[in-house]
Amino acid sequence: MTEKIIEKTYAEQIAEKNKRKKIIISSISLGIVFLIALAIILMACITVDLRPTVVNNPTSFYFNSSSSIQYEKNDEEYGQFMSEFDNAFKVSVLTGLFSNNLQDYEIIEDKSVTSLPSEVTSGNYVTFLFKENPVTLVKKDGKTYYSIYNSNNSINFTQVTFALSSENKIQDMSMYLRYTEGSRNYYAQVKLKGNTYKLNEFYTNLDK
(Lines give C-alpha, C1' and ligand atoms only; values in the text may rest on other atoms or scores of the structure.)
Protein backbone atom coordinates (compact mmCIF):
# COMPACT_ATOMS: atom_id res chain seq x y z
CA MET A 1 0.00 0.00 0.00
CA THR A 2 2.86 2.37 0.86
CA GLU A 3 4.62 1.63 -2.47
CA LYS A 4 1.46 2.58 -4.43
CA ILE A 5 1.22 5.89 -2.57
CA ILE A 6 4.89 6.66 -3.35
CA GLU A 7 4.43 5.78 -7.03
CA LYS A 8 1.38 8.03 -7.27
CA THR A 9 3.20 10.90 -5.60
CA TYR A 10 6.12 10.55 -8.03
CA ALA A 11 3.72 10.55 -11.01
CA GLU A 12 2.08 13.68 -9.67
CA GLN A 13 5.49 15.36 -9.37
CA ILE A 14 6.27 14.55 -13.00
CA ALA A 15 2.88 15.88 -14.07
CA GLU A 16 3.46 19.10 -12.12
CA LYS A 17 6.89 19.58 -13.73
CA ASN A 18 5.39 19.10 -17.19
CA LYS A 19 2.63 21.57 -16.31
CA ARG A 20 5.18 24.16 -15.18
CA LYS A 21 7.14 23.68 -18.40
CA LYS A 22 4.00 24.22 -20.47
CA ILE A 23 3.19 27.39 -18.49
CA ILE A 24 6.72 28.74 -19.04
CA ILE A 25 6.65 27.92 -22.76
CA SER A 26 3.19 29.50 -23.12
CA SER A 27 4.36 32.63 -21.27
CA ILE A 28 7.42 32.97 -23.50
CA SER A 29 5.29 32.45 -26.64
CA LEU A 30 2.78 35.06 -25.50
CA GLY A 31 5.63 37.46 -24.74
CA ILE A 32 7.07 37.00 -28.23
CA VAL A 33 3.64 37.51 -29.82
CA PHE A 34 3.16 40.67 -27.73
CA LEU A 35 6.54 42.08 -28.79
CA ILE A 36 5.83 41.35 -32.46
CA ALA A 37 2.40 42.99 -32.20
CA LEU A 38 3.92 46.00 -30.43
CA ALA A 39 6.58 46.34 -33.14
CA ILE A 40 3.92 46.23 -35.87
CA ILE A 41 1.81 48.86 -34.07
CA LEU A 42 4.83 51.14 -33.67
CA MET A 43 5.83 50.72 -37.32
CA ALA A 44 2.26 51.58 -38.33
CA CYS A 45 2.30 54.74 -36.19
CA ILE A 46 5.79 56.08 -36.95
CA THR A 47 6.03 57.87 -40.29
CA VAL A 48 8.93 58.38 -42.67
CA ASP A 49 9.31 61.05 -45.33
CA LEU A 50 9.89 59.77 -48.86
CA ARG A 51 9.93 63.29 -50.32
CA PRO A 52 12.86 63.55 -52.73
CA THR A 53 15.51 66.02 -51.65
CA VAL A 54 15.97 66.99 -55.30
CA VAL A 55 12.70 68.92 -55.25
CA ASN A 56 12.36 71.58 -52.59
CA ASN A 57 10.93 75.08 -52.26
CA PRO A 58 9.92 75.98 -55.84
CA THR A 59 9.49 79.63 -56.76
CA SER A 60 6.01 78.99 -58.15
CA PHE A 61 3.90 76.33 -59.82
CA TYR A 62 1.08 75.87 -62.30
CA PHE A 63 -1.30 73.07 -63.27
CA ASN A 64 -1.53 71.32 -66.63
CA SER A 65 -0.70 73.59 -69.56
CA SER A 66 -2.16 76.74 -67.98
CA SER A 67 1.22 78.35 -67.36
CA SER A 68 -0.46 81.77 -67.44
CA ILE A 69 -2.01 81.00 -64.03
CA GLN A 70 0.92 80.61 -61.64
CA TYR A 71 0.84 80.41 -57.86
CA GLU A 72 3.64 82.27 -56.14
CA LYS A 73 5.03 81.92 -52.61
CA ASN A 74 2.91 84.74 -51.24
CA ASP A 75 -0.32 83.15 -52.54
CA GLU A 76 -2.54 81.25 -50.12
CA GLU A 77 -2.88 78.41 -52.63
CA TYR A 78 0.90 77.98 -52.71
CA GLY A 79 1.13 77.27 -48.98
CA GLN A 80 -1.84 74.90 -49.03
CA PHE A 81 -0.58 72.94 -52.01
CA MET A 82 3.00 72.63 -50.73
CA SER A 83 1.68 71.37 -47.40
CA GLU A 84 -0.22 68.64 -49.25
CA PHE A 85 2.89 68.00 -51.34
CA ASP A 86 4.90 67.27 -48.19
CA ASN A 87 2.19 64.93 -46.93
CA ALA A 88 2.11 63.05 -50.23
CA PHE A 89 5.40 61.40 -49.33
CA LYS A 90 4.80 60.71 -45.63
CA VAL A 91 4.03 57.04 -45.02
CA SER A 92 4.21 54.70 -42.07
CA VAL A 93 7.39 52.69 -41.59
CA LEU A 94 5.27 49.58 -42.11
CA THR A 95 3.95 50.81 -45.46
CA GLY A 96 7.42 51.95 -46.42
CA LEU A 97 8.86 48.51 -45.73
CA PHE A 98 6.21 46.86 -47.87
CA SER A 99 6.87 49.40 -50.62
CA ASN A 100 10.49 48.20 -50.48
CA ASN A 101 11.77 51.65 -51.33
CA LEU A 102 12.34 53.75 -48.21
CA GLN A 103 13.78 57.18 -49.04
CA ASP A 104 15.07 55.95 -52.36
CA TYR A 105 14.75 57.16 -55.94
CA GLU A 106 16.18 56.27 -59.30
CA ILE A 107 17.53 58.78 -61.82
CA ILE A 108 17.13 58.03 -65.52
CA GLU A 109 18.88 60.26 -68.03
CA ASP A 110 17.91 59.90 -71.69
CA LYS A 111 18.62 62.70 -74.15
CA SER A 112 16.05 61.34 -76.57
CA VAL A 113 13.42 62.69 -74.15
CA THR A 114 12.93 66.31 -75.15
CA SER A 115 9.27 66.72 -74.18
CA LEU A 116 6.92 65.53 -71.46
CA PRO A 117 5.58 61.99 -72.05
CA SER A 118 1.88 61.41 -72.73
CA GLU A 119 1.56 59.47 -69.46
CA VAL A 120 1.94 62.85 -67.73
CA THR A 121 0.09 65.20 -70.07
CA SER A 122 -2.90 62.90 -70.63
CA GLY A 123 -4.25 63.70 -67.15
CA ASN A 124 -3.85 66.33 -64.45
CA TYR A 125 -0.28 67.34 -63.69
CA VAL A 126 1.64 70.08 -61.93
CA THR A 127 4.84 71.92 -62.85
CA PHE A 128 7.17 73.47 -60.29
CA LEU A 129 9.25 76.44 -61.45
CA PHE A 130 12.64 77.42 -60.08
CA LYS A 131 12.98 80.92 -61.51
CA GLU A 132 15.70 82.41 -59.34
CA ASN A 133 18.42 79.82 -59.82
CA PRO A 134 18.63 76.39 -61.46
CA VAL A 135 18.73 73.51 -58.99
CA THR A 136 21.50 70.93 -59.19
CA LEU A 137 20.26 67.34 -59.35
CA VAL A 138 21.58 65.22 -56.47
CA LYS A 139 21.51 61.49 -55.83
CA LYS A 140 19.74 59.89 -52.87
CA ASP A 141 22.94 60.20 -50.79
CA GLY A 142 22.95 63.97 -51.34
CA LYS A 143 25.93 63.93 -53.70
CA THR A 144 25.80 65.70 -57.06
CA TYR A 145 24.58 63.60 -59.97
CA TYR A 146 26.88 63.78 -63.00
CA SER A 147 25.66 63.13 -66.52
CA ILE A 148 26.15 59.69 -68.06
CA TYR A 149 26.99 61.53 -71.28
CA ASN A 150 29.69 63.69 -69.71
CA SER A 151 31.01 62.84 -66.25
CA ASN A 152 32.09 66.46 -65.73
CA ASN A 153 28.61 67.88 -66.19
CA SER A 154 25.93 68.10 -63.54
CA ILE A 155 22.24 68.52 -64.37
CA ASN A 156 20.84 71.91 -63.37
CA PHE A 157 17.07 71.91 -63.76
CA THR A 158 14.60 74.80 -63.80
CA GLN A 159 11.28 72.91 -63.89
CA VAL A 160 9.83 69.75 -62.36
CA THR A 161 6.63 68.16 -63.69
CA PHE A 162 4.72 65.14 -62.41
CA ALA A 163 1.29 63.57 -62.90
CA LEU A 164 -1.44 63.74 -60.25
CA SER A 165 -3.07 60.45 -59.37
CA SER A 166 -6.78 59.66 -59.11
CA GLU A 167 -6.01 56.67 -56.84
CA ASN A 168 -5.58 57.13 -53.11
CA LYS A 169 -2.54 54.94 -52.48
CA ILE A 170 1.24 54.99 -52.34
CA GLN A 171 2.53 53.98 -55.76
CA ASP A 172 5.33 54.30 -58.29
CA MET A 173 5.54 57.73 -59.86
CA SER A 174 7.95 59.80 -61.93
CA MET A 175 9.08 63.40 -61.83
CA TYR A 176 10.48 64.97 -64.99
CA LEU A 177 13.20 67.56 -64.48
CA ARG A 178 13.70 69.98 -67.37
CA TYR A 179 17.19 71.28 -68.01
CA THR A 180 18.85 73.08 -70.90
CA GLU A 181 22.02 72.29 -72.80
CA GLY A 182 22.90 74.65 -75.61
CA SER A 183 19.59 75.65 -77.14
CA ARG A 184 17.74 72.39 -76.39
CA ASN A 185 15.62 71.30 -73.47
CA TYR A 186 15.86 67.79 -72.03
CA TYR A 187 14.05 65.90 -69.30
CA ALA A 188 15.73 63.74 -66.67
CA GLN A 189 13.39 61.25 -65.00
CA VAL A 190 13.34 60.60 -61.28
CA LYS A 191 11.43 57.43 -60.31
CA LEU A 192 10.14 57.27 -56.75
CA LYS A 193 7.05 56.47 -54.68
CA GLY A 194 4.34 58.78 -53.45
CA ASN A 195 0.60 59.39 -53.12
CA THR A 196 -0.51 62.44 -55.11
CA TYR A 197 -4.24 61.78 -54.73
CA LYS A 198 -4.76 64.74 -52.35
CA LEU A 199 -2.86 66.99 -54.75
CA ASN A 200 -5.20 65.94 -57.54
CA GLU A 201 -8.20 66.67 -55.30
CA PHE A 202 -6.72 70.06 -54.44
CA TYR A 203 -6.50 70.97 -58.12
CA THR A 204 -9.97 69.57 -58.91
CA ASN A 205 -11.55 71.66 -56.13
CA LEU A 206 -9.54 74.78 -56.91
CA ASP A 207 -11.55 77.86 -57.85
CA LYS A 208 -9.93 78.37 -61.22
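**Figure 1. Strand β9 supplies the largest share of the lining of the largest pocket, 5 residues.** The model shown here and in the other views is predicted. The space in the largest pocket comes to about 190 Å³. Its lining is made of 14 residues, and those closest to the centre of the pocket are Ala163, Ser165, Asp172, Met173 and Ser174. Three elements each give at least two residues to this lining: α4 (118-121), β8 (156-163) and β9 (171-181). By type, the lining residues of the largest pocket are 6 nonpolar, 6 polar and 2 charged.

**Figure 2. Overview of the protein chain, with 5 helices and 10 strands.** The protein chain has 208 residues, of which 33% count as buried. Among contacts in the protein chain with a separation of 6 or more, 68% are between residues 24 or more positions apart.

**Figure 3. Leu177 in strand β9.** Is Leu177 buried or exposed? Leu177 counts as buried because its relative accessibility is 0%, and buried means under 20%. Val160 is 17 residues from Leu177 in sequence, while their C-alpha atoms are 4.5 Å apart in space. Apart from neighbours within four places in sequence, the residues in contact with Leu177 are Leu137, Phe157, Gln159, Val160, Tyr186, Tyr187, Ala188 and Val190.

**Figure 4. The largest nonpolar core, a set of 36 residues.** Within this core, the residues that touch the most other members are Phe63, Phe128, Phe162 and Met175. Two or more residues of the core come from each of β2 (60-63), α2 (76-87), β6 (125-129), β8, β9, β10 (184-194) and α5 (197-204). Which residues does Met175 touch, not counting residues up to four places away in sequence? Those touched by Met175 are Pro52, Val55, Phe85, Phe89, Val160, Thr161, Phe162, Ala188, Gln189, Val190 and Leu192.

Figure 5. Ser60 can be followed in both pairings: its bridge partner in β3 is Glu72, and in β6 Ser60 stands opposite Leu129.

**Figure 6. Strand β6, with 5 of its 5 residues buried.** Tyr125, Thr127 and Leu129 point one way from β6, and Val126 and Phe128 point the other way. Residues pointing either way are buried. β6 runs antiparallel to β8, and 5 bridges join the two strands.

**Figure 7. Strand β5 (residues 106-109), with one covered face and one uncovered face.** Which residues form the covered face of β5? Ile107 and Glu109 are on the covered face, and Glu106 and Ile108 are on the uncovered one. β5 and β10 run antiparallel and are joined by 4 bridges. Across this pairing, Ile108 stands opposite Gln189 in β10. Gln189 is also among the residues touched by Met175.

**Figure 8. Asn57 and Asn64, each with a positive phi although neither is a glycine.** For Asn57, phi is about 55°. Asn57 lies in the loop that runs between β1 (47-49) and β2. Asn57 counts as partly exposed because its relative accessibility is 45%, which falls between the limits of 20% and 50%. For Asn64, phi is about 50°. The loop that holds Asn64 is the one between β2 and β3. Is Asn64 buried or exposed? Asn64 is buried because its relative accessible area is 15%, and the limit is under 20%.

Conventions: Residues numbered from 1 in each chain as written. Predicted model: local features only at pLDDT ≥ 70, side-chain atom pairs only at ≥ 80, totals over all residues. Heavy atoms only, no water. 1 Å grid on protein atoms, 1.4 Å probe; cavity = no way out; pocket = protein on both sides within 12 Å on 5 of 7 lines; lining within 4 Å. Points joined across faces, edges and corners; volume = space filled by probe spheres on them. Nonpolar A, V, L, I, M, F, W, Y, C, P; charged D, E, K, R; others polar. Buried < 20%, exposed > 50% of the residue type's maximum accessible area, 1.4 Å probe, protein only. Contact = heavy atoms within 4.5 Å. Core = buried A, V, L, I, M, F, W, Y, C linked by side-chain atoms within 4.5 Å. Pairing = 2+ DSSP bridges.
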